[in-house]
Amino acid sequence: MPNVRLIYAKSGYFLPTHNGLIHGFLAAVSSKVDTTILVVWIPEHLVHAQDKPCFARLDGVLASDEGFPDVVLDPGSNETLVIPLKDIFSFHLSPPSIMYHGTLGITTRNQTRLEPLQYRGQHTTAWPVYDFMDILSAFTTIQRAEVAQPASGGLTTAASHDPLNEALQNARWSILDRFSQIPGFSRTAAHVLDHPIIKPLMPLLPPSVQAMSRNQTVQTTMHEYDRFTYYLARWTHRDTPQEPPPSAKTDLDQIFAEADAITAQCVHTRRGPIMAEEWVEFFDAEGKLCVNKETVYRSIFRAGLDPDVRIEAWKFLLEIYPWDSTFDEREAIRRSKVDEYYEYKSQWFNDMDTRTTKEFQDEKHRIDKDVHRTDRSIPFFEGEDMPNPDPDMTVGTNSNLEIMKDILVTYNAYNTELGYVQGMSDLLAPLFVAMGTEEMAFWGFVQFMERVKSNFYRDQSGMHHQLQTLDRLIHFMDPELYKRLEETETVNLFFCFRWLLVWFKREFEWDDVIRLWEVLWTDSLSPHFLMFVALAVLDTHRHAILNDLHAFDEILKYTNELSGSIDLEETLQRAEVLFYKFEGRVKALDRRRDELKSQLQVRAVWNNDQERAAIEQSLEQVQLDDKLRQLLKK
């Protein structure tokens, strides 16, 4: 009878004996009796015949979505190695070299050292023992140690040279990330912790992960976008900036205090929106811009636009129209863009062979579902006065919803590399309303997506980079708040994910979202001013986070409930002042760095090793993180 559940297995591991090398599988299994995790090496000839397909199918990979198979394991065999993971004290890993095969040794908690296994299989990209360590790390803490010392909990690994350290540093993703890499899973699963692959493992995962699966706030948030799921699964480990040593921190405190005193007098430049009369004055009789375009950008940044101006101004902000064009040239561009749009649309709209493929129909259905969930309370998208052309949809539709679907399907044909990704409908809706026509809404969307396309990369690298940057910014501007986020295990900034993904689309009222976007499109102070908007929201609610919220789910619930209640003008005012404060701190660091460099040039310092070392240490502490410096680039 099957008595264990096979989690992972890899062939190519040999046990040296006096009769020669015996080939077998290194595996991680779970007992069906008490869910204990077992580390197993089983000779190939002892694998039961009915289980061989399972071992072959799982050779070096996790189970697919049909679950983890049950297999037979005979622990009574003196040839099979079976050790509960909790009884292992350390692993000794010797990665392969030109001269030697890689080996894996195990020492138990009673200090018994087992005969090392040799790996002689293929490892074209990475030594597979690292994968095995990665999987085991989902069930216990594994720490690297040059010389293993007995400990009360967790495991240690001892390595023969540095490649292990690098590999382990790169292998910090939890087992949830492994699940997210299964083809098709990350884009179709509504909730990673509800997936059939993970359910058998839930009793085995750490308590914090099990608690997350039951947390209604986390579940509700993750159901909103499947990209939440993938981010949380993949980027749980973060590269946290290190606190400077006490001596350097004192120096930084003084530098920042002086800089903050200088910028304390800075005020925001917000004013009322640009009306049609003011907009017209920017252009001459031929429709050509007669002021510097930076002047227009600054004006829009400070004021936003009146709705009567927006339909024309957005075409400039989104670079559909060149700033130096005339009325006639812009009309020619508009006509050309209309024709070009219908050329892209015809690639699917008039091609029945394409429309009848399963791939197209599945993609179209995904778009249909997302559009029907987008901004339905806005009058422009209200109502269902038309039958739905999608037979799988049980709701009616209207002409604006159908046009928005067509735009997104056309974008899927236009940008075949990126295609349609959930969340894009949120970005298109305001553009469609503001632009007024299907064709211009499409080209506005194309240009907007050029700015934010990295948000929708399937590897989540764009979102990871942005959240890392925000992480650095919080740490730089408000160490006390950052420490609180660390204490509440919130420094993955999961609660900020939606803010950055769709540019606060869900956080502000509809009209405010439109005004926010046109302010951000100007790049007036920074091409990454969105970061300062996020910082401003956190700064506004700083007191609650520091004093009233004590756990990850409390902060997530609190920030989710801000949706629709954030004051845009106050936020933009605060964001602008925070930017000036940030800029002042950066300039102060740069001045201090220049002073230290000058001190190093003094001849007297050359002959004083202690003084030179102190200056060099101070110089290192005033270096600015590259991600933060990029916030100043124009």
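Helices (H or I, at least four residues) and strands (E, at least two) are DSSP runs, numbered from the N terminus. Helix α23, which spans residues 529-540, contains Asp539. The structure is a predicted model, in which local features need pLDDT of at least 70 and side-chain atom pairs count only at pLDDT 80 or more, while totals for chains, interfaces and linings use all residues. Residues are numbered from 1 along each chain as its sequence is written, and side-chain values use heavy atoms, with hydrogens and water left out.

The protein chain holds 29 helices and 10 strands. Of its 634 residues, 52% count as buried, where buried means under 20% relative accessible area, exposed over 50% and partly exposed in between (1.4 Å probe, protein chains only). Contacts were defined by heavy atoms within 4.5 Å. Among contacts between residues at least 6 apart in sequence, 68% join residues at least 24 apart.

Asp539 is partly exposed, with a relative accessible area of 26%. Apart from its neighbours within four places in sequence, Asp539 is in contact with Asp478, Arg574 and Leu578. The C-alpha atoms of Asp539 and Leu481 are separated by 8.7 Å, although these residues lie 58 apart along the chain.

Leu578 also takes part in the packing of helix α19 (residues 461-477) with helix α26 (residues 568-601). The axes of α19 and α26 come within 11 Å and cross at roughly 75 degrees; axes are lines fitted to C-alpha atoms, for helices over the stretch in contact, and angles run from 0 to 180 degrees between N-to-C directions. Helix α19 is therefore roughly perpendicular to α26, given that angles under 35 degrees count as roughly parallel, over 145 as roughly antiparallel, 65 to 115 as roughly perpendicular and the rest as oblique. Leu473, Phe476 and Met477 of α19 meet Leu578, Lys581, Phe582, Arg585, Val586 and Leu589 of α26. These residues comprise seven nonpolar, no polar and two charged. In this division Ala, Val, Leu, Ile, Met, Phe, Trp, Tyr, Cys and Pro count as nonpolar, Asp, Glu, Lys and Arg as charged, and the others, Gly among them, as polar.

Helix α13 (residues 327-349) packs against helix α18 (residues 438-452) at an angle of about 85 degrees, with the axes 9 Å apart. This makes α13 roughly perpendicular to α18. On the α13 side the contact involves Arg334, Lys337, Val338, Glu340, Tyr341, Tyr342, Tyr344 and Lys345, and on the α18 side Glu438, Glu439, Met440, Phe442 and Trp443. The contact of α13 with α18 divides into seven nonpolar, no polar and six charged residues.

In helix α25 (residues 552-560), the buried residues are Phe552, Ile555, Leu556 and Thr559. Viewed down the axis of α25, they fall within an arc of 100 degrees, so they line one face of the helix; the arc is that of the directions from the helix axis to the C-beta atoms. Helix α2 (residues 128-136) is mostly covered, with eight of its nine residues buried. The buried residues of α2 are Pro128, Val129, Tyr130, Phe132, Met133, Asp134, Ile135 and Leu136.

Glu278 is located in helix α10 (residues 276-280) and is partly exposed, with a relative accessible area of 24%.

With a disulfide taken as a pair of cysteine sulfur atoms within 2.5 Å, the count comes to zero. Cys54 is buried at a relative accessible area of 16%, and Cys496 is buried at 0%.
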